[in-house]
Amino acid sequence: MNEPVTEVSEQAAGPTEWGEHPHGLGPWALEYGEPLPTDPRYDPELLAEGDRRNVVDAYRYWSREAIVADIDARRHPFHVAIENFGHDANIGTVVRTANAFAAAAVHIVGRRRWNRRGAMVTDRYQHLIHHSDLTGLRAFAAEAGLSVVAVDNVPGAVPLETAELPRECLLLFGQEGPGVSDDAKDAAALTVSIAQFGSTRSINAGVAAGIAMHAWIRAHADLSRAW
């Protein structure tokens, strides 16, 4: 079953999305001393009270709906999925990174609830889809024409550093510790590994997701459109 994930953050973010300290801009009139803009993308409440959100300056004072619509117009055709059978604490980091790279969607496989603290409220601007199991994810990928690429350091994996990631793909990550499940490996058309040179057996799942997403960006993104 594929369901958009719409819950608000489980952790209150405080006065601003950054926490207690002031960030962003104050009321428009105080910041610019000019009449309020009439562009419908601007949020009247933010113009009046200030915008302390964790957004780039180009989106300052915009409504959330306007920001999502603007990102939707230029999202990249890669998706990200992470297994959540053990309530993985790394999901928030994955969502935040996916938002930074304008991923098409983040798929949560397994438990619906996850710790949103690491997302820094970026889940408000990132499309999230829930699947109760890998069957639903595989069906979604097949219908959308996405190649499933598992990311895990296992025997037989192709080094990410030399792999050719498909443009339309779904990057699949396992939980911290056990890595990608056997069912997920079976669902993947390609498994890639990240080169490591130290003593640790594996790197943090959130870090691995960031490395893999950036590999896709390096291969396929139009860098002239970056902020």
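Helices and strands here are DSSP runs, with helices (H or I) of at least four residues and strands (E) of at least two, numbered from the N terminus. With that in hand, welcome to a short tour of this predicted model.

**The loop between strand 3 and strand 4**

- Met 120 is not a glycine, and yet its phi is positive, at about 50 degrees.
- Val 121 is found in the loop between strand 3 and strand 4 as well, and it too has a positive phi, of about 70 degrees, although it is not a glycine.
- Val 121 has a relative accessibility of 6%, so it counts as buried, the cut-off being under 20%.

**Aromatic pairs and a cluster**

- The model holds 7 aromatic pairs by the rule used here.
- One of them joins Tyr 32 and Tyr 61 in an edge-to-face arrangement, with 6.5 Å centre to centre and 65 degrees between the planes.
- Tyr 32 lies in helix 1 (residues 28-32) and Tyr 61 in the loop between helix 2 (44-49) and helix 3 (64-72), so this pair ties together parts that are 29 residues apart in sequence.
- Another pair is made by Tyr 59 and Trp 62, whose rings are tilted, with 5.0 Å centre to centre and 55 degrees between the planes.
- Both Tyr 59 and Trp 62 are buried.
- Tyr 32 and Tyr 61 also belong to one aromatic cluster, together with Trp 28 and Tyr 42.

**Helix 4 against helix 7**

- Helix 4 (residues 91-100) packs with helix 7 (residues 205-220) at an angle of about 20 degrees, and their axes are 8 Å apart.
- Angles under 35 degrees count as roughly parallel, and helix 4 and helix 7 are therefore roughly parallel to each other.
- Their crossing is right-handed.
- On the helix 4 side, Thr 93, Val 94, Thr 97 and Ala 98 make the contact, and they meet Gly 206, Ala 209, Gly 210 and Met 213 in helix 7.
- Sorted by class, this contact of helix 4 with helix 7 has 4 nonpolar and 4 polar residues, with no charged ones.

Definitions and conventions:
Residues are numbered from 1 along each chain as its sequence is written. This is a predicted model: local features need pLDDT of at least 70, side-chain atom pairs count only at pLDDT 80 or more; totals for chains, interfaces and linings use all residues. Side-chain values use heavy atoms; hydrogens and water are left out. Axes are lines fitted to C-alpha atoms, for helices over the stretch in contact, and angles run from 0 to 180 degrees between N-to-C directions. Angles under 35 degrees count as roughly parallel, over 145 as roughly antiparallel, 65 to 115 as roughly perpendicular and the rest as oblique. A crossing is left-handed if the near helix is turned anticlockwise from the far one by less than a right angle, and right-handed if clockwise. Contact means heavy atoms within 4.5 Å. Ala, Val, Leu, Ile, Met, Phe, Trp, Tyr, Cys and Pro count as nonpolar, Asp, Glu, Lys and Arg as charged, and the others, Gly among them, as polar. Buried means under 20% relative accessible area, exposed over 50%, partly exposed in between (1.4 Å probe, protein chains only). Rings of Phe, Tyr and Trp (its six-membered ring) pair if their centres lie within 6.5 Å; planes under 30 degrees apart count as stacked, over 60 as edge-to-face and the rest as tilted.
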